[in-house]
Amino acid sequence: MGATETIRTAVRDVVPPAGLTRALAVQAMVYAVGSGLFHAGSAVFFTRALGLSAAQVGLGLSIAAGVSLLGTVPLGGLTDRYGPQRVWVVGLVLNAALFATYPFVGGFAGFLAVVVALAAVDAAVGVARQVYSINALPPAERVTAMAYQRSSLNVGFGLGAVISGLVLAVDTIAAYRGMVWFISTVFLVTALFVRRLPRLPQVARPTEPMSRLAVLRDRPFMAVSVLSGLLTAHGVLYLTVLPLWILTHTDAPKTVIAGLVLLNTILIVLLQVRVSRGADTAAGAARASRRGGLLVALFCLVLPVSGVTRGALTVVVLVAAALLLILAELIESAGTWGLTATLPPADQRGAYVGALGLGVQVQYLIAPAGLTALGVSTGGWGWLPTAAIFVLVGLAIVPAVSWAERTPRLGAEVAEQPMTPVP
């Protein structure tokens, strides 16, 4: 009986309940199939099918990241003006159209135009998706729904990676072109899913709408954005710094890297919903973010041990460090969703959600180079200051959230009203 109940609980933590939460999770999984396929095969597509050099690809993606950084807040404001579902659907259709043009790109200029346009569209779509999930669900269900979506995203990413493996095995120009056209089709199907989601009534706009960049003057909120964004560096640590450390400072076989990536995917699918409980208030989200930061710091202290161990013990230490970082990711992600769902005002949610994502974009700019330099290039001692940074950021986010809660949001005039979706 105990085992049966355990299985039922595990299933409930993976399979979302019927209704809007399940519909949102399904669209997330469908979308992630295309997204995961492209992430796994894009580097080869750019170099083999488009004939670009690695330097050109890197430069184009860096410029696109800069566009995403600059456009996150103003593009988020589109959601407030036109509604999240409309922006979401239009963005997905534009995504599909842009991907469909990839095989016809000629040279670096065409590639740059497409990746920059995709970066701008993705910034708007990301905000619209979050705002719709927040607006469509009661406060007590928002973080849980986002957790189910992330679990489903990882399932979709896994499926996309498998398909990418088949494309890479075929390794022909026709296969790579077919890959991006398949991705384009996936985004169109996702747009149809989103179009069929329940419609939401328009949130009342303030009598004097604030500038789309005015949110940047909300110092308490922007402090939370920066701190929360820095804590999301666990992704860079897991996918970039950890593999580099394994390759350059340990005697572990290279296959351990693939095993740890698989472990990450499985545990997120199985545990994300369960770990997210308690992060549905601003205070609970702040505490979750703090725990995530402290766990990242603990990872930074455990991982260097693998540089002095040998054989099977090295693998054990690496798995232990990876488990700490995965747990940090699970908890911190829930904290981020809780902050996203609770701090932005109802009538300016798009702009504020975009501003909260600004901290993540800043992290993307500094974390890959900074954390690699500290953790890998120093030979190991750099993990100590890295751990100290995450301790300080984790401890600072709780008072920062408290400060933001005490401070009225700029331009917020409309109290949040319960929304009844229209079928």
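**A serine and its surroundings**

Modeller: If neighbours within four places in sequence are set aside, Ser228 is in contact with Glu332, Thr336, Leu339 and Ile397, where contact means heavy atoms within 4.5 Å. This is a predicted model, in which local features need pLDDT of at least 70 and side-chain atom pairs count only at pLDDT 80 or more, while totals for chains, interfaces and linings use all residues. Residues are numbered from 1 along each chain as its sequence is written, and side-chain values use heavy atoms, with hydrogens and water left out.

Ser228 belongs to helix α8, which covers residues 219–231; helices (H or I, at least four residues) and strands (E, at least two) are DSSP runs, numbered from the N terminus. Ser228 is buried, because its relative accessible area is 3%, and buried means under 20%, exposed over 50% and partly exposed in between, with a 1.4 Å probe and protein chains only.

As for confidence, pLDDT is the predictor's own score for each residue, from 0 to 100; the chain averages 88, and 92% of the residues score at least 70. Confidence is lowest in helix α1 (residues 2–14), with a mean of 65, and highest in α11, with 97.

Elsewhere in the chain, the helix α7 has 23 residues and reaches 33 Å from its first C-alpha to its last, close to the 33 Å expected at 1.5 Å a residue, the expected span being 1.5 Å times one less than the number of residues. Its buried residues include Tyr176, Met179, Ile183, Phe187 and Val194, and what covers the buried residues of α7 includes α2 (20–49), α4 (84–101) and α6.

Asp171 is found in the loop between α6 (139–170) and α7 (173–195), and Asp171 is partly exposed because its relative accessible area is 33%. The phi of Asp171 is near 55°, a positive value in a residue other than glycine. Most residues other than glycine have a negative phi.

A further loop, between α10 (255–275) and α11 (282–302), holds Thr281, which is partly exposed because its relative accessible area is 41%. The C-alpha atoms of Thr281 and Val194 are separated by 27 Å, and these residues are 87 residues apart along the chain. Ile266 lies in helix α10 and counts as partly exposed because its relative accessibility is 40%.
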